[in-house]
Amino acid sequence: MTDLVAFWEVALSDGIHKIEFEHGTTSGKRVIYVDGKEIMRKEWMFKLVGKETFVVGAAKTKATINIDAVSGFAYEYTLEIDGKSLKKYMENRSKTTNTWIVHLDDTVCRVVLEKDTMDVWCNGKKMETAGEFVEDGTETHFSIGAHDCCIKAVSSGKRREGIVHTLIVEDREIPATLQ
């Protein structure tokens, strides 16, 4: 990887994906790696600027690397996810998902709730869930190994805050994380 010019980490529901980009500014070579695996290679490109589009993760999320000339032989590389800049995508994602990190049986588990679909992911695997209405909101039940888990959704009582989601594992509340 002698021509590595950019890398990004993208947090999706199925995990955090590492994207690396090689760009040979003399040969025009372009190589994209996702999680260390080469997914695209183009040799001898005469046009040194442009775009490369590919997919990331289990949900096959669309990603685009933009290659722009800044000045002379300097280039700028930006990543778009689902048509938005990485920054905008991650800001929007923090509004549409909740993430928790929980340690179970000597394993770190990354649990993600997609608020729009109520899908629950754990370490890259979509979980089987059962939802039920309860007195103060809803509960989404699932298991991680032998551990009973539940995501409670309760109204905050404040219009701007909306619904508050809480992960409970074996009667223990798990604090949310930003990833």
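**Reading pockets, cores and contacts**

Me: About 310 Å³ of space lies in the largest pocket. What counts as a pocket?

Reply: Rolling a probe the size of a water molecule over the atoms shows where empty space is left. Here a pocket is an open set of points on a 1 Å grid over the protein atoms alone, where a 1.4 Å probe fits and protein lies on both sides within 12 Å along at least five of seven lines. Points join across faces, edges and corners, and the volume is the space filled by probe spheres set on them. One caveat: this is a predicted model, so local features need pLDDT of at least 70 and side-chain atom pairs 80 or more, while totals for chains, interfaces and linings use all residues. Residues are numbered from 1 along each chain as its sequence is written, and side-chain values use heavy atoms, leaving out hydrogens and water.

Me: Which residues lie nearest the centre of the largest pocket?

Reply: S13, D82, Y89, R93 and E114, out of 17 lining residues (those with an atom within 4 Å of a point). Helix 1 gives the most to this lining, with 4 residues; helices are DSSP H or I runs of at least four residues and strands are E runs of at least two, numbered from the N terminus.

Me: How do I read a nonpolar core, and which members touch the most others?

Reply: In soluble globular proteins, nonpolar side chains tend to be buried together. A core is a set of buried Ala, Val, Leu, Ile, Met, Phe, Trp, Tyr and Cys residues joined through side-chain atoms within 4.5 Å. The largest one has 21 residues, with W8, I19, I32, F54, I65 and L79 touching the most other members. Strands 1, 2, 3, 5, 6 and 7 and helix 1 each supply at least two residues. Another core, of 16 residues, lies apart from it and includes V102, C122, M127 and L167.

Me: Why does I32 count as buried?

Reply: Because its relative accessibility is 0%, and buried means under 20% (exposed is over 50%, partly exposed in between; 1.4 Å probe, protein chains only). I32 is in strand 3, and beyond four places in sequence its contacts include I19, I39, F54 and I65 (heavy atoms within 4.5 Å).

Me: And where does C149 sit?

Reply: In strand 15, residues 147-155. C149 is buried too, with a relative accessible area of 3%. Its contacts beyond four places in sequence include F142, I144 and L167. D171 is 22 residues from C149 in sequence, and 8.3 Å away C-alpha to C-alpha.
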